[in-house]
Amino acid sequence: MGRNTRKRRTPLATKAIAASAALALGGGGLVWANFYASAHESNAGQNQTKAAGAQIATIQCPDVGQQLRNVPNGARNGVSTELANLDKQITEAYARLASTRQAQANDSGFVQNAILGPLKDKRTAALDRIRINIQRAGGQASNLSQFAGCTGVPAEQPETNAGEGDQNQNGDGQQQGGQQGGQDQNGGGQQQGGQDQNGGGQNAGNNGNGAAGPVAEDFVNINDVQPNSRGLQNGLAANGNTGSKGSFTTKCGVNQNNLFNSDNIIVAPGVDNGAHHTHDYVGNQSNTAFASDQDLANARTTCQNQGDKSTYYWPVLRLQDGTQEFDAGDLGGGAEGNVGKILKASQAQIKFVGNKKSQVVAMPKFLRIITGDAKAFTNGLKNANTSFSCTGFEDRQVTDKYVICPQGSSVVRTSNFQSCWDGKNIDSANHRDHVAFVQADGSCANGFKAIPQLQVRLVYNVPAPTVENGQVKNPYAVDGFPEQLHKPITDHNDFINVMSTRLMNKVVNCINTGRKCQ
């Protein structure tokens with residue numbers, strides 16, 4: 001599979017990261033270092049076993065980007081660059097964490113002294129540069145240093161802030177309280193699908209990704225999920241007797257042009273590999289971190305209606321079967337633990353629907369919305385949102401598990417976006433504050449205006465994984481930041497509105513008059 005995007009450069013700085021990440025890989029670059037080996041060696045001493053039992057599964061750092069509220073426009077580019085540097089630093093630290101398991105087993109202070117301590121120093125410097133950028137542009141930035149320190153999350157019980165999971169993230173006023181099983185608390189602390197426990201090697205049937213996951217506890221049989229567990233509207237428009245009940249469907253294909261890259265134009269503009277994982281793109285064909293709004297407006301689009309040049313993108317779904325994809329050696333791909341065959345959606349249904357309580361207003365051009373959280377495993381569940389299900393079972397939705405579907409049924413990823421807008425801004429410093437989900441009654445709070453709600457439904461033909469004796473074989477997973485361990489809770493979806501004014505007015509009119517248009 002090729003990619004229709006620029007050839008990624010590999011400057012010395014990124015070569016250093018790739019080399020560091022490569023140390024964490026074995027078995028031809030596919031198996032992340034096994035940090036259970038020392039605990040299971042028959043000749044391991046008591047102290048070594050104790051140290052191994054306390055080993056760290058991943059690294060948890062404060063998400064500085066979500067903490068920022070008031071960043072002057074003149075500081076946005078500099079701040080975005082430094083936020084991307086923070087992500088890069090975590091990636092480097094995680095690669096070192098994964099490649100030094102033996103040293104960690106022999107020295108209980110290794111992680112703090114050799115990984116977390118230096119990481120804090122680097123983060124302190126980046127945070128100081130963020131402060132300087134903001135202050136030079138006339139803004140205020142105090143106490144950023146409080147976000148410098150990171151912690152190691154033990155394999156036995158990672159911190160997930162699960163108490164935040166009751167917050168409404170579905171855009172339909174319902175809560176997530178009925179999710180099956182709760183947040184996975186194993187953090188990769190289970191044996192890894194055939195991983196050789198004696199030497200860190202690879203047995204037949206290993207998923208090719210070792211400790212980077214996913215693990216058996218990340219999967220659930222769809223028959224074991226309770227119907228209506230998330231209270232979703234199953235993709236339907238508003239269902240009251242009032243409000244706006246129409247819909248508009250845009251057909252933009254399933255990335256037939258093979259447009260892939262590991263940029264993130266919203267969160268890390270101007271930064272190569274800002275996402276640290278690979279995205280699928282449909283719609284706008286100028287999606288790189290370096291595209292301006294004007295570039296997007298002048299771009300080609302895969303949407304049938306050429307008035308829709310919006311960009312719709314999401315992390316790719318991969319089957320961890322050992323396939324050497326085009327990005328097997330690249331940052332964002334195999335060099336950062338995103339391995340296996342990229343699976344294209346067989347269907348990508350993109351629909352805009354109404355509001356239960358009121359009519360909707362037009363989205364402003366270049367409005368940016370992110371739904372879900374690529375760092376939800378370490379950030380907590382506050383912004384987690386997307387769901388997994390199976391065709392024929394879509395009244396059963398889970399956010400914290402990948403689903404195992406019966407024969408003849410396909411995997412479904414669903415994202416219902418925020419549908420309340422502050423009426424002023426096309427983006428915000430943390431890319432969250434300018435939009436919101438509706439309240440329990442379907443209305444928008446705090447003077448926000450109802451806008452068409454974007455709903456993205458992706459269908460995949462995925463060979464069903466099997467779970468035997470606590471091991472998963474033939475798993476699939478979304479791409480993600482390396483330290484997020486490929487948890488399903490990290491799935492997310494991104495959108496930039498680049499519809500023509502004429503088309504957006506048509507969308508609004510169709511929704512407000514109760515028609516179904518496309």
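Trainee: Which residues do ring pairs link into a cluster?

Mentor: In this predicted model, ring pairs link Phe219, Phe388, Tyr402 and Tyr476. A search of the whole structure finds 9 aromatic pairs.

Trainee: What makes tyrosine 281 and tyrosine 313 an aromatic pair that is stacked?

Mentor: Two values decide it. The ring centres of tyrosine 281 and tyrosine 313 are 5.1 Å apart, and a pair requires centres within 6.5 Å. The angle between their planes is 25 degrees; planes under 30 degrees apart count as stacked, so the term applies. The two tyrosines are 32 residues apart, with tyrosine 281 in strand β8 (residues 279–283) and tyrosine 313 in strand β9 (residues 311–315).

Trainee: Are tyrosine 281 and tyrosine 313 buried or exposed, and how do you know?

Mentor: Tyrosine 281 has a relative accessible area of 2%, and tyrosine 313 has 0%. Buried means under 20%, therefore both tyrosines qualify.

Trainee: Why is leucine 458 called buried?

Mentor: Because its relative accessibility is 1%, and the limit is under 20%. Leucine 458 lies in strand β20 (residues 453–460). Leaving out residues up to four places away in sequence, leucine 458 touches Trp314, Ala345, Gln347, Ala348, Val411, Val412 and Arg413.

Trainee: How far is leucine 458 from serine 410, in sequence and in space?

Mentor: They are 48 residues apart in sequence, and their C-alpha atoms are 9.9 Å apart.

Trainee: Which residues does tyrosine 460 touch?

Mentor: Beyond four places in sequence, the contacts of tyrosine 460 are Trp314, Leu317, Leu343, Lys344, Ala345, Ser346, Ser410, Val411 and Arg413. To count as a contact, heavy atoms must lie within 4.5 Å.

Trainee: What makes tyrosine 460 stand out in the largest nonpolar core?

Mentor: That core has 59 residues, and Tyr460 is among those with the most contacts inside it, along with Tyr312, Phe352 and Val403. Helix α10 (residues 501–512) contributes the largest share of this core, 6 residues. Apart from it lies another core, of 21 residues, including Ile56, Ala57, Ile90 and Phe377.

Trainee: Why would nonpolar side chains be found together like this?

Mentor: In soluble globular proteins, nonpolar side chains tend to be buried together.

Trainee: Which element gives the most to the lining of the largest cavity?

Mentor: Helix α5 does, with 4 residues. Elements that each supply at least two include β3 (56–60), β13 (368–372) and β24 (492–496). By class, the lining of the largest cavity divides into 13 nonpolar, 13 polar and 8 charged residues.

Trainee: Why is the second largest pocket called a pocket and not a cavity?

Mentor: About 410 Å³ lies in the second largest pocket. Of its 20 lining residues, Arg76, Pro269, Arg368, Asp427 and His431 lie nearest its centre. Helix α5 gives the most to this lining, with 5 residues, and the classes are 10 nonpolar, 6 polar and 4 charged.

Methods: Residues are numbered from 1 along each chain as its sequence is written. This is a predicted model: local features need pLDDT of at least 70, side-chain atom pairs count only at pLDDT 80 or more; totals for chains, interfaces and linings use all residues. Side-chain values use heavy atoms; hydrogens and water are left out. A nonpolar core is a set of buried Ala, Val, Leu, Ile, Met, Phe, Trp, Tyr and Cys residues joined through side-chain atoms within 4.5 Å. Buried means under 20% relative accessible area, exposed over 50%, partly exposed in between (1.4 Å probe, protein chains only). Ala, Val, Leu, Ile, Met, Phe, Trp, Tyr, Cys and Pro count as nonpolar, Asp, Glu, Lys and Arg as charged, and the others, Gly among them, as polar. Rings of Phe, Tyr and Trp (its six-membered ring) pair if their centres lie within 6.5 Å; planes under 30 degrees apart count as stacked, over 60 as edge-to-face and the rest as tilted. On a 1 Å grid over the protein atoms alone, a cavity is a set of points where a 1.4 Å probe fits but cannot get out, and a pocket is an open set with protein on both sides within 12 Å along at least five of seven lines; lining residues have an atom within 4 Å of a point. Grid points are joined across faces, edges and corners, and a volume is the space filled by probe spheres set on the points.
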